[in-house]
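Welcome! Please take a look at the sequence and the model below, and then let us walk through some of their details together.

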Amino acid sequence: MSVLLETSAGDIVIDLLVDHAPKLCENFLKLCKVKYYNFSPVHSVQKNFSFQTGDPLGPLSKESDGGSSIWGHVSGDPSRRTFAAFFHPKLKHLERGTVSMATVPMPSDPDTRMAASQFIITLGEDTDYLDGKGAIFGKVVEGFDVLEKINEAVVDEKGYPLIDIRIKHTVILDDPYPDPPGLREPSASPPPSEAQLKTVRIADESELHADDDVDEAELERRRRDREAQAQALTLEMMGDLPFAEVKPPENVLFVCKLNPVTGDEDLELIFGRFGKILSCEVIRDRKTGDSLQYAFIEYEDKASCEAAYFKMQGVLIDDRRIHVDFSQSVSKLSEVWRNDTNTKRRANASRGGWGGVRELEKRRQYRNEGERSTGKDYGLVYGNEEMRGRHKRAGEERRGEDAPPLERHVDGRHSGGRRHRSRSRSPRGRDRSRDRNGRRSDKSDRDRDRDRDRVRDRDDRRGDRGWDRDRDRRDDGYRPRR
């Protein structure tokens, strides 16, 4: 009885010792039959001693349960995941290529060791340390060169190869055991699961050297395909494509090298003889409306589009020989998908969110839109009633801060003992102060500012550079007597 293991390092043929370990051989054969070992990694490599495999996920995966026997795998019963291993007294680890089931002691009975799916293959002659720990059930008869490759593999401190070595496929050459209830043999080798793909560290050596004998043209084609797939995935993430694998429609024709004067009606009239046209559009500039000299023609069926493709290549239209090809554009498909998606979002947006998406929020303003004024007003944050008289109030506050505070007694005398004539505002809001000649003035602040501006403008026109502009910056209050 033999089993062929196809690994990433090569093929290994194992002869099973069914007379000495029938239950161990049955478990191994049936696991190979259901392709349980596919994509199982080789781990725990110890040079010139042994390596271990048989766990579909391996020790790198946190989801790994260590493997299961065929009876636990078929029934789904966790209690049958392991079974008691039988150690034949005549079978010893004395030669290279000895195959044995990995076992662990039973928690309730340390003398009884339990096996599941993982197995060990020795890489050296002196491996008697495994006696009593590994239950022997077979030996390698072909593929010792593969064992040497595994023995020379570069591994980390835990014995895991840096370049993955995995079981790709298992082939049963002879199976004398009846299938257990519930076993179903797959019709084809199943692909690796997502959990198995997450355990890949570095691709196996065969994949690393897959491009060694490929010419430059093929490598360039593969590179372009990878870039196109990456760009399509990016456009899908941005929402410009409904999905990355979208393909252009086969009933749309692309026409270019058109004369700028050629319009939609002209093309529809010329290309309409090949079949019913659903749409004919000359692409134009959005701002100027000028023709960009190419168009898309959509036919009702694919046959009409193919007929136009073969007949209209190089035809003279408006003194221009056009070029036709099948369209590679998916803009219309994307537009239809985007509009449909947005319509569904708006329909589902009963409350909250913006555009049907609850995470989005409409831009907020300082003022409500209903309170905004229209016309020449800028619509600032401050209202007109708040802005009116702001400069006047600021001047009063400034003059109040500059003047020193004076305490007055009840009789009107200041605390210094001297009587001072203080400023007082007239009932009409005018400030009684003195002008440059010491005369009292009843002009308001606005009138004085206007007069000062007139004087400054007059002197600027005259070119008088001797004007004392510092006087303009002085306060217009009274001057202290010298």
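Leaving aside residues up to four places away in sequence, which residues does Ser100 touch? They are His93, Phe119, Ile120, Gly134, Ala135, Ile136 and Phe137, where contact means heavy atoms within 4.5 Å.

Before going on, a word on the ground rules. This is a predicted model, in which local features need pLDDT of at least 70 and side-chain atom pairs count only at pLDDT 80 or more, while totals for chains, interfaces and linings use all residues. Residues are numbered from 1 along each chain as its sequence is written, and side-chain values use heavy atoms, with hydrogens and water left out.

Ser100 lies in strand E7 (residues 98–105); helices (H or I, at least four residues) and strands (E, at least two) are DSSP runs, numbered from the N terminus. With a relative accessible area of 1%, Ser100 is buried. Here buried means under 20% relative accessible area, exposed means over 50%, and partly exposed is in between (1.4 Å probe, protein chains only). The side chain of Ser100 makes a polar contact with the side chain of His93, at 3.2 Å. A polar contact is a pair of N or O atoms within 3.5 Å; within protein, one must be able to donate a hydrogen and the other to accept it, and residues adjacent in sequence count only if both atoms are side-chain atoms.

Ser117 is found in strand E8 and is buried, at 0% relative accessibility. A polar atom of the Ser117 side chain lies 3.2 Å from the backbone oxygen of Gly54. Not counting residues up to four places away in sequence, Ser117 touches Leu31, Tyr36, Tyr37, Gly54, Gly66, Gly67, Ser68 and Met101.

**The nonpolar cores**

A nonpolar core is a set of buried Ala, Val, Leu, Ile, Met, Phe, Trp, Tyr and Cys residues joined through side-chain atoms within 4.5 Å. The largest one has 40 residues, and those touching the most other members are Ile14, Leu16, Phe28, Tyr37, Met101, Phe119 and Phe137. Several elements each supply at least two residues of this core, including strand E2 (10–16), helix H1 (22–33), strand E8 (113–122) and strand E9 (134–142). Helix H1 gives the largest share, six residues. Another core, of 18 residues, lies apart from it, with Leu253, Val255, Ile277 and Ala308 among its members.

**Aromatic pairs**

Rings of Phe, Tyr and Trp (its six-membered ring) pair if their centres lie within 6.5 Å; planes under 30 degrees apart count as stacked, over 60 as edge-to-face and the rest as tilted. By this rule there are twelve aromatic pairs.

Phe49 sits in the loop between strand E4 (43–46) and strand E5 (50–53), and Tyr129 in the loop between E8 and E9, 80 residues apart.

Because Phe254 lies in strand E11 (residues 252–256) and Tyr294 in strand E13 (residues 291–299), their pair ties together parts that are 40 residues apart in sequence. Phe254 is partly exposed, with a relative accessible area of 22%, and Tyr294 is partly exposed as well, at 26%. Elsewhere, Phe28, Tyr36, Tyr37, Phe119 and Phe137 form one aromatic cluster.

**Strand partners**

Two strands pair if DSSP finds at least two bridges between them. E1 and strand E10 (residues 166–172) pair in the antiparallel sense over five bridges, and Leu5 stands opposite Thr170 in E10. Strand E3 (residues 40–41) also pairs with E10 in the antiparallel sense, over two bridges; there, Pro41 stands opposite Arg166.

**A helix and some backbone angles**

Helix H6 (residues 216–238) has 23 residues and reaches 33 Å from its first C-alpha to its last, close to the expected 33 Å. That expected span is 1.5 Å times one less than the number of residues. Gly239 follows H6, and its phi is positive, near 90 degrees.

Most residues other than glycine have a negative phi. Phe39, however, has a positive phi near 70 degrees, and its place is in the loop between H1 and E3. Lys257 also has a positive phi, of about 65 degrees. Lys257 is in the loop between E11 and helix H7 (264–271) and is exposed, with a relative accessible area of 53%.
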